[in-house]
Amino acid sequence: MKRIILQKQKINISEFDALFSETESGAVVSFAGKVREHSSGHAVNYIDYEIYNEMAEKELHKIVDSAFDLYDIFSVLVIHRFGKVKAGEVSVLIKVASKHRKPGFSASEYIIDTIKDKVPIWKEEIYE
C-alpha cells in the first residue's frame with residue numbers, strides 16, 4: 001500500500017492506524033515532524049508552507065517508490081501539510097510497515113531526508 005496526501009487541515013495521526021494492520025508486518029514505524037516553538041532564538045507563531053502541488057506529488061511518489069525498491073517494506077503513508085501550521089502541530093507524518101524494524105526505520109529516515117532535499121515545499125517561519 002502506498003498513500004500520499006497533501007492537505008491543509010490538521011493531521012490526525014491515529015486516523016490512519018487502521019491502514020497498517022497487515023499481519024505480515026512485524027513493525028510499523030511512525031515519524032511525525034512538528035513545528036517547534038522556538039527557532040534561531042525566536043518564538044515561532046507558525047510556519048507557512050507553500051507547495052508546488054503537482055510537482056510535489058510527483059516527487060513524493062518517486063521517493064516512496066524508491067523506498068520500496070531500497071528497503072524490504074510493505075506499506076507507506078506520507079502526509080504533508082501546507083498553509084499555516086501552528087507551533088506544536090504536525091506538519092508531516094510518515095508511517096512505514098515492514099517485516100522487521102530496521103528496514104522500517106531506514107525507509108522512514110530515507111523518505112523524510114529525501115523530502116527535505118527534493119520536494120518543492122517552501123516554508124517561512126512567522127515569529128511572535
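Author: A search of the whole structure, which is a predicted model, finds one aromatic pair. The partners are Tyr71 and Tyr110, whose ring centres lie 6.0 Å apart. Their planes stand at 55 degrees, so the pair counts as tilted. In general, such a pair is described by the distance of the centres and the angle of the planes. The two tyrosines link distant parts of the chain, being 39 residues apart. Tyr71 sits in the loop between α1 and β5, whereas Tyr110 belongs to helix α2.

Ile111 touches Ile63, Ala67, Val76, Val78, Ile94 and Val96, when residues up to four places away in sequence are not counted. In the largest nonpolar core, which has 25 residues, Ile111 is one of those that touch the most other members, together with Val78, Ile94 and Ile115. The elements that each give two or more residues to this core are the strands β1 (2–7), β4 (42–51), β5 (73–81) and β7 (90–98), and the helices α1 (53–70) and α2 (101–118). Helix α1 provides the largest share of the core, five residues. A second, separate core holds nine residues, among them Phe20, Leu77, Ile79 and Leu93. As a general matter, nonpolar side chains in soluble globular proteins tend to be buried together.

Helix α1 also carries Asp65. With a relative accessible area of 36%, Asp65 is partly exposed. Asp65 and Lys2 are 63 residues apart in sequence, yet their C-alpha atoms are 8.5 Å apart in space.

Strand β5 leads on to His80. His80 counts as buried because its relative accessibility is 7%. Leaving aside neighbours within four places in sequence, His80 is in contact with Ile5, Leu6, Gln7, Tyr49, Ser91, Val92, Ile115 and Ile121. One of these, Ile115, has already been named among the core residues that touch the most other members.

Two or more lining residues come from each of β2 (27–34), β4, β7, α2 and β8 (121–127). The largest share of the lining, four residues, is that of β8. By type, the lining divides into eleven nonpolar, four polar and five charged residues.

A last point concerns Lys84, which is placed in strand β6 (residues 83–86). Lys84 has a relative accessibility of 48% and so counts as partly exposed. Apart from neighbours within four places in sequence, Lys84 is in contact with Tyr46, Ile47 and Asp48. Lys84 and Glu22, which are 62 residues apart in sequence, are 34 Å apart in space from C-alpha to C-alpha.

Terms used: Residues numbered from 1 in each chain as written. Predicted model: local features only at pLDDT ≥ 70, side-chain atom pairs only at ≥ 80, totals over all residues. Heavy atoms only, no water. Buried < 20%, exposed > 50% of the residue type's maximum accessible area, 1.4 Å probe, protein only. Contact = heavy atoms within 4.5 Å. Core = buried A, V, L, I, M, F, W, Y, C linked by side-chain atoms within 4.5 Å. Nonpolar A, V, L, I, M, F, W, Y, C, P; charged D, E, K, R; others polar. Phe/Tyr/Trp six-rings, centres within 6.5 Å; stacked < 30°, edge-to-face > 60°.
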